[in-house]
Amino acid sequence: MDSKSAASRSPGRLPAEVTSFVGRTAELDALAALVARTRLVTVTGAGGVGKSRLALRAAGRLADGFPDGAHLVEIGPVQDGLLLGHAVLEALRLTDHTARPPLDVLVEQLADRRLLLVLDGCEHLVEACAELVDALLRAAPGLRVLATSRQSLRAAGEHLLPLAPLPFEPAEGRVDSEAMLLFADRAAAVRPGFRLDRRNRAEVALLCRRLDGIPLAVELAAGRLRALSVEQVAARLDDRFRLLTRGDRTAPARHQTMRTAIGWSHELCTMQERLLWARLSVFAGGFDLDAAEYVCAGHGLDTEDVLDLVDSLVDKSVLDRLEDDGAVRFRMLDTLREYGGHWLRAGGDDHRLLRRHRDWYLGVATWGEVEWFGPRQAETAERTRLAHANLRAALEFSLAEPGEEQLALVLAGTLWYFWVGTGHLGEGRHWLDRALALAPEPTDARAKALWVTGYLAILQGDLVRARPALEECRLQALDTGDDRALAYAVHRQGCAALIGDEPARAAELFEEALWHYNTLGELNSNVLMAMFELALAYLFLGDEENGETWVERVREICEEHGEQWAYGYCLYAMAYSHRQAGDLRLARAFARESMRLNHLFRDLLGIVIAMDLLALLATDGPSPDLREARVLQGAAHRLWQAVGTPFFGSRSFNGPHLECEQRARSGLTEEEYTTSFRLGSRLDLDAAVRRALGGEHPGPAAGGDDHPGPPRHPVRPYSPVGA
């Protein structure tokens with residue numbers, strides 16, 4: 001004979017919190033709002049990211065709104081989908097002695113109840129959970145389900161709340177990030193009296209950044225303070241899976257160490273998903289689908305399968321999907337990447353994948369160099385910026401792998417446009433110096449790396465390094481018959497003469513370089529810069545006619561090709577020329593437009609020379625603003641620290657600065673003079689540019705009647721002045 005009993009309708013009991021809940025205010029509010037208006041919400045995210053804790057916190061906040069309470073069902077310990085219904089019955093304290101299926105009992109018992117069911121850890125039984133939830137929601141209109149899973153249930157009516165790691169960078173106006181606060185809270189539990197202060201704050205910030213802000217990792221690291229200092233914990237993170245063990249013994253097994261937390265996700269993946277996970281570990285930072293298909297396909301993985309596998313890894317919280325202006329990219333947390341890298345090395349396939357990764361990003365750099373001259377410059381700069389971390393990884397592989405030194409030279413030299421045009425002079429020299437030291441053979445790649453090195457050194461005001469590199473390039477080019485390298489070497493020697501206060505010699509070298517460029521049919525941003533630099537040489541010599549002629553030539557070609565980067569420098573020369581002619585209105589307009597364009601590319605050099613010129617222009621005219629001029633000089637001084645030697649150590653380039661300085665000193669009190677400079681030196685880049693532009697937002701340049709931006713016109717060949 002069957003017997004059946006149902007538990008009384010007492011509110012459910014959620015486990016009490018034994019540690020404090022840190023951060024997650026916005027996520028908690030968003031989750032509570034979702035549960036309040038929808039019947040099925042799944043919190044998704046990587047292992048150890050805090051899904052369970054957030055769900056339980058939200059359930060506790062909402063419990064009073066459900067007459068029959070909020071109930072937790074731990075799905076993790078259930079390994080057989082057939083036992084899932086029994087686990088829910090047990091959690092709800094419902095008993096039934098009949099032979100009916102558990103689902104039938106649940107449908108009957110929950111039909112008229114109003115309760116919140118929290119299903120925690122559904123990823124390993126995702127299909128069974130989806131079927132159960134769908135059946136219960138259809139039968140029990142008063143039921144709401146809050147699930148946590150590394151993978152979505154894909155049940156009808158499901159709403160997702162993807163949970164990211166804790167921020168490891170402080171929010172605006174805050175000193176400490178949420179990850180740092182969590183670390184401090186858990187550290188105080190094992191080392192009483194621990195708190196964040198000036199002695200440990202930097203190390204804790206670094207540690208949280210390296211741990212991706214993953215709460216489980218942060219908590220495990222804090223637990224190591226029983227025996228180690230913060231500095232020692234940070235130093236041992238190179239083997240994070242060995243270090244981050246010995247978690248809470250009462251926690252689920254999958255959450256007691258980082259290795260088991262990530263390993264649990266790995267076990268839930270198919271063989272093909274695991275293979276792609278391992279191969280994707282060669283990417284540093286984000287990547288797009290095209291890159292993943294090229295690098296990872298082959299040897300057991302078909303290209304046409306990569307999209308579906310990437311989609312599955314996103315669904316299982318192994319990959320994050322990022323979207324900006326319609327462009328979709330993917331990213332893997334460093335902790336997951338390190339785990340995948342372990343499996344890639346164990347399979348002996350790491351060198352092949354790293355080489356394919358390098359080849360792809362060599363292609364990115366090569367295509368970027370081609371597209372740098374033209375209307376897509378801003379897009380090229382952004383695409384290269386997004387690839388920056390992967391370009392670094394490709395350079396490191398090429399330098400570390402025997403026999404790849406020449407390709408390291410090629411890649412480092414090809415990226416000249418990124419090093420110069422987007423404010424990475426120091427990093428560019430770092431890679432070039434390393435590659436040149438490893439590859440002394442007189443190859444075409446070495447010749448290009450030499451003139452690029454000379455160029456970067458010149459822009460930093462380092463003529464001691466620039467001149468020997470350029471002379472070596474010139475002599476090698478003569479010896480090997482490399483006319484293109486010869487043209488670039490002579491061009492950059494002209495730059496060295498220009499900042500070395502030899503404008504007449506510089507003009508000769510620029511004329512010679514332009515002759516070579518014209519003979520070769522070479523026309524690109526470097527050629528335009530040679531014309532701009534020749535114009536400056538003439539202006540420094542007081543030859544305004546020739547200077548303005550070359551400036552006009554640069555402007556025409558920029559407008560024909562939609563070139564913006566060199567146009568930004570052209571505008572600086574136009575501002576300089578118009579100030580000399582006494583047209584202050586146009587001089588200011590051109591200088592501001594120069595700064596706006598250079599800010600678009602984050603070209604610090606272009607920004608700072610325009611800012612110094614604007615400072616001088618603030619002292620001109622019938623109503624000079626000497627305080628503002630001094631503020632801009634302070635802002636420019638801060639920027640020069642990030643570029644290199646101020647004004648390249650050149651008297652010619654330093655002239656406007658000194659003139660401005662003298663005017664300000666003669667018209668201001670000592671306190672005004674010092675205070676205004678100090679105010680400017682405290683401005684960050686964006687604030688400084690915004691100030692120099694008169695409060696305008698430093699967005700993309702917009703043309704006006706007096707200073708039009710470069711429109712896109714059909715291409716036509718150029719010819720040198722006088723040809």
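Reader: What volume does the largest cavity have?

Author: Rolling a probe the size of a water molecule over the atoms shows where empty space is left. On a 1 Å grid over the protein atoms alone, a cavity is a set of points where a 1.4 Å probe fits but cannot get out, while a pocket is an open set with protein on both sides within 12 Å along at least five of seven lines. Grid points are joined across faces, edges and corners, and a volume is the space filled by probe spheres set on the points. Here the largest cavity comes to about 190 Å³. This is a predicted model, in which local features need pLDDT of at least 70 and side-chain atom pairs count only at pLDDT 80 or more, whereas totals for chains, interfaces and linings use all residues. Residues are numbered from 1 along each chain as its sequence is written, and side-chain values use heavy atoms, with hydrogens and water left out.

Reader: Which residues are closest to the centre of the largest cavity?

Author: Lining residues have an atom within 4 Å of a point. There are 18 of them for the largest cavity, and L459, F532, E533, L605 and F648 are the closest to its centre. Helices (H or I, at least four residues) and strands (E, at least two) are DSSP runs, numbered from the N terminus. Two or more lining residues come from each of α22 (444–459), α24 (483–499), α26 (525–540), α28 (565–580) and α30 (604–617). The largest share, 4 residues, belongs to α26.

Reader: What volume does the second largest pocket have, and what lines it?

Author: Its volume is about 840 Å³. Of 27 lining residues, A327, R329, E382, R383 and L386 are the closest to the centre of this pocket. Helix α17 (377–386) gives the most to the lining, with 5 residues. By class, the lining of the second largest pocket has 12 nonpolar, 3 polar and 12 charged residues.

Reader: How many bridges join β8 to β9?

Author: Two strands pair if DSSP finds at least two bridges between them. Strands β8 and β9 run antiparallel and are joined by 5 bridges. E323 stands opposite V328 in β9. The two strands form a hairpin with 2 residues between them, and D325 in the turn has a positive phi of about 55°.

Reader: Where are R24 and R602 found, and what is the phi of each?

Author: Most residues other than glycine have a negative phi, and most peptide bonds are trans. R24, in the loop between β1 (4–5) and α1 (25–37), has a positive phi near 65°. R602, in the loop between α29 (584–600) and α30, has a positive phi near 60°. R24 counts as buried at 5% relative accessibility, whereas R602 counts as partly exposed at 37%.

Technical notes
Nonpolar A, V, L, I, M, F, W, Y, C, P; charged D, E, K, R; others polar. Buried < 20%, exposed > 50% of the residue type's maximum accessible area, 1.4 Å probe, protein only.
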